[in-house]
Amino acid sequence: MLKYIKAVFELKTIIKCNMLIYYLEKLPLFGIYISHFMFKHTELKKVAAIIASVFSIAALVIIKSLCILIFGLEGVQYLAGKLGLSIDFFDIYYFQSVFFLFCVLGAFQESRTFLVTKIKYLCLVHIKMPVKEGILAFLINEYFTQFISIGFTFYFFSILLHNKMYFYILLTAYISMQLLSECVHLAFFKQTGIPLEKKKAFSLCLFAVSLTGAYGPLVLSKNLLIEHFLTHKFLIFVYSIIGILSVYYIFFFFDAYNDQLLRIFKKEDLAEELARKKQESINHTDIEIALISTQRIKKLQGYQFVNALFILRSKKHFFKYLKRRLIFVAAVFIFAFVRFFDHPSETKHILTNIYSFVPLLPVVIALYAYGEGFCKFYYNNFDSKLLIYRFYRTRKSILQNFFIKLRTMVKYNLLLGAVSAILLSALLCAAKIEIWNLSFLLLEITILVLHVVFGIQHLSVYYLLQPYIKESTMQNPILFMMQIPMLLLTYVFTILSLPAVITMSIFLFGSILYAFLLIVIVCIKSPATFTLK
């Protein structure tokens, strides 16, 4: 088993090292020389591998710390202040929000067993490791990184709150919940043959439970009903037992590490794939001809026609990514409406102070805006097929296709932003809160503009950093790091406590300038950066 763990670890560090060298190569002037020098000297590559590993853990710590700071510390402090609650037990409120958002929601969000990555693909398909040993070696490496990063995060905040007990409780709870989550996912797969994370109802229920547990006692009651429950020593003992039993189940009791699980990570046989695609093409030809004859795309030419035809054929897939966001925003506002009719005075009090939440807009919309799924699907099914040809890599072709995608991206994000703005207006009208004023108009415009801008950001990152690698879900680490400025911006504006109109004006003009700069940079750099990896 140790040799498999070592092999997976070496693959991870090699890939991280090569990615670091790849980004160093993109530095102006001396980047190309630095990368060539490092590839020639093995010892330097080992140092680069260590740096890349440390950097990946540091990035996780920063992201998790900022999320806790904003959604835990600032969120709890704001709600406690607005609802007139005593902050004598503020650290307990804070601990509770972190517990539910990270130990419950964070741990159960996905299974590491069913996570499709390049490393797992190489180990199971090319190196042909045994399925059980390969997956367990991958899990050990993944858990090692996750638990170290979350440990640093929890320790930092336990020092901040002057209570190291929270560090031991949270870390024990997180590790136990993560292992228990893996057991739940494995048991569900054994019974159904389908990964549990594909069940959207499970994700929605998990999100609702976590959100209710994190902020419920603050909103619904002035008493912290579960203070002693979460911090009781018996609960820590229960967590430890759960973790031990979960390890036993994952390593010794679960017996479905087999070919059925391997097929999740294994490519289809080429002949079968070609035959399937040929049959699908035959079946859809007549339908597509009928669709084209009834659509305006028959009047288009060149790349406009090709892209329009691709979007028409893939409408179901593109709408799938958009539909998830529309369902989420509808669910949030339905919950708000139900909450309003159940507790009108408290809900109206929160809605009256809705402009206090304006600093959160960039980070929320950056995570929520439509774009990543669109770009990833476009790359795997369109761009990666055409980038092998020289005519598609010319400056004119790249920019022409960029602006075609840009129009589609703007259209989808305007729809998403418009739905959010309309539902917000309906909610405030139901609460009889004045919306015919400059502040609310500015809020609606800011929501629309931010949706569009972060859609443009997704597309620009796609063209400038090429975050997708063919036949793999491995992503450019900079794509992950792009969220850090949004978190920092949110925290800065929360601390400054500027008037809402000024904050929205800064967001509005700053985001427009940001989008303009991104488009200019794409026009200059994309012919060199938009390549097939």
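User: Why is Cys 103 called buried in this predicted model?
Analyst: Cys 103 has 0% relative accessibility. Buried means under 20%. Cys 103 therefore counts as buried.

User: What makes Cys 183 buried or exposed?
Analyst: Its relative accessible area is 10%. The cut-off for buried is under 20%, so Cys 183 is buried as well.

User: Which residues form a nonpolar patch with Ile 524 on the surface?
Analyst: Leu 513, Phe 516, Leu 517, Val 520 and Ile 521. Together with Ile 524, they have about 560 Å² of accessible area.

User: How do you know that Asn 163 makes a polar contact with Met 165?
Analyst: A polar atom of the Asn 163 side chain lies 3.1 Å from the backbone nitrogen of Met 165. The limit is within 3.5 Å. The distance meets that limit.

User: Where is Asn 163, and which residues does it touch?
Analyst: Asn 163 is in the loop between helix H6 (131-160) and helix H7 (165-192). Leaving out residues up to four places away in sequence, Asn 163 touches Asp 91 and Ser 158.

User: What about the whole chain?
Analyst: The chain has 22 helices and zero strands. Of its 533 residues, 47% count as buried.

Terms used
Residues are numbered from 1 along each chain as its sequence is written. This is a predicted model: local features need pLDDT of at least 70, side-chain atom pairs count only at pLDDT 80 or more; totals for chains, interfaces and linings use all residues. Side-chain values use heavy atoms; hydrogens and water are left out. Helices (H or I, at least four residues) and strands (E, at least two) are DSSP runs, numbered from the N terminus. A polar contact is a pair of N or O atoms within 3.5 Å; within protein, one must be able to donate a hydrogen and the other to accept it, and residues adjacent in sequence count only if both atoms are side-chain atoms. Contact means heavy atoms within 4.5 Å. Patches are made of residues with over 30% relative accessible area and no salt bridge: like charges are joined within 9 Å, nonpolar side chains (Val, Leu, Ile, Met, Phe, Trp, Tyr) within 5 Å. Accessible areas come from the Shrake-Rupley method with a 1.4 Å probe; for residues, only the protein chains shown count as cover. A salt bridge is a side-chain nitrogen of Lys or Arg within 4 Å of a carboxyl oxygen of Asp or Glu. Buried means under 20% relative accessible area, exposed over 50%, partly exposed in between (1.4 Å probe, protein chains only).
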